[in-house]
Amino acid sequence: HLADGEQPAVVYVTSMCGRRGMPAWPEYSASKFALVGLAEALRCEFVRFGVDVVTVVPGLTRTDLGRHLLRNEGKMDIPYDRGMTPAEAARGIAAAVRANRKEVVLGSEARRMLLVNKFFPRLLNRLIARKVRKLYAAG
């Protein structure tokens with residue numbers, strides 16, 4: 001029984017796309033936004049059981065996601081090899097649980113992007129729009 005644990009917690013690993021929707025990845029962004037919303041709602045519900053809910057918002061992570069897409073047209077090129085390793089992400093997740101954090105953003109590019117989005121969302125929109133125009137002009 002989860003509530004009987006020493007420090008019971010449910011961890012939702014989402015994405016920076018769950019806090020800032022990204023063009024050319026709308027379905028991914030939508031699924032991650034949904035997961036963030038679910039975590040926020042359950043955090044309030046699970047208080048009655050003494051169970052924490054931790055939302056992890058990782059940035060770029062070295063995965064092979066791009067190789068497993070059914071279709072890749074219109075997708076921005078993501079340099080997965082420049083992201084954090086899965087082991088680095090796991091250490092960040094474990095640290096967040098131990099520190100009883102409610103939400104943690106992992107990765108320097110995710111922290112920068114979400115900070116710019118918080119204080120200068122129009123600037124970020126313009127920067128992203130520039131990349132999108134290049135993406136679709138090339139295709």
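Predicted model: local features only at pLDDT ≥ 70, side-chain atom pairs only at ≥ 80, totals over all residues.
**Entry 1: Cys 17.** I began at Cys 17, which touches Met 22, Tyr 28, Ser 29, Lys 32 and Phe 33, leaving aside residues up to four places away in sequence; contact here means heavy atoms within 4.5 Å. Residues are numbered from 1 along each chain as its sequence is written, and side-chain values use heavy atoms, with hydrogens and water left out.

**Entry 2: the core.** Which residues make up the largest nonpolar core? I found ten in all: Met 16, Cys 17, Met 22, Val 57, Ala 110, Met 113, Leu 114, Leu 124, Ile 128 and Val 132. Such a core is a set of buried Ala, Val, Leu, Ile, Met, Phe, Trp, Tyr and Cys residues joined through side-chain atoms within 4.5 Å. Buried means under 20% relative accessible area, exposed over 50%, and partly exposed in between (1.4 Å probe, protein chains only). H3 and helix H4 (121-138) are the elements that give two or more residues to this core.

**Entry 3: helix H3.** Next I looked at H3 (residues 108-119), whose buried residues are Ala 110, Met 113, Leu 114 and Asn 117. Seen down the axis of H3, these fall within an arc of 95°, so they line one face of the helix; the arc is that of the directions from the helix axis to the C-beta atoms. On the other side of H3, I noted Arg 112, Leu 115 and Phe 119 as exposed.

**Entry 4: strand E1.** I counted five bridges from E1 to strand E2 (residues 52-58), and the two run parallel; strands pair if DSSP finds at least two bridges between them. Ala 9 stands opposite Asp 52 in E2.

**Entry 5: Pro 121.** Pro 121 has its place in helix H4 and is partly exposed, with a relative accessible area of 36%. I also checked Arg 20: it and Pro 121 are 101 residues apart in sequence and 9.7 Å apart in space, C-alpha to C-alpha.

**Entry 6: the whole chain.** Helices (H or I, at least four residues) and strands (E, at least two) are DSSP runs, numbered from the N terminus. Buried residues make up 35% of the 139 residues.
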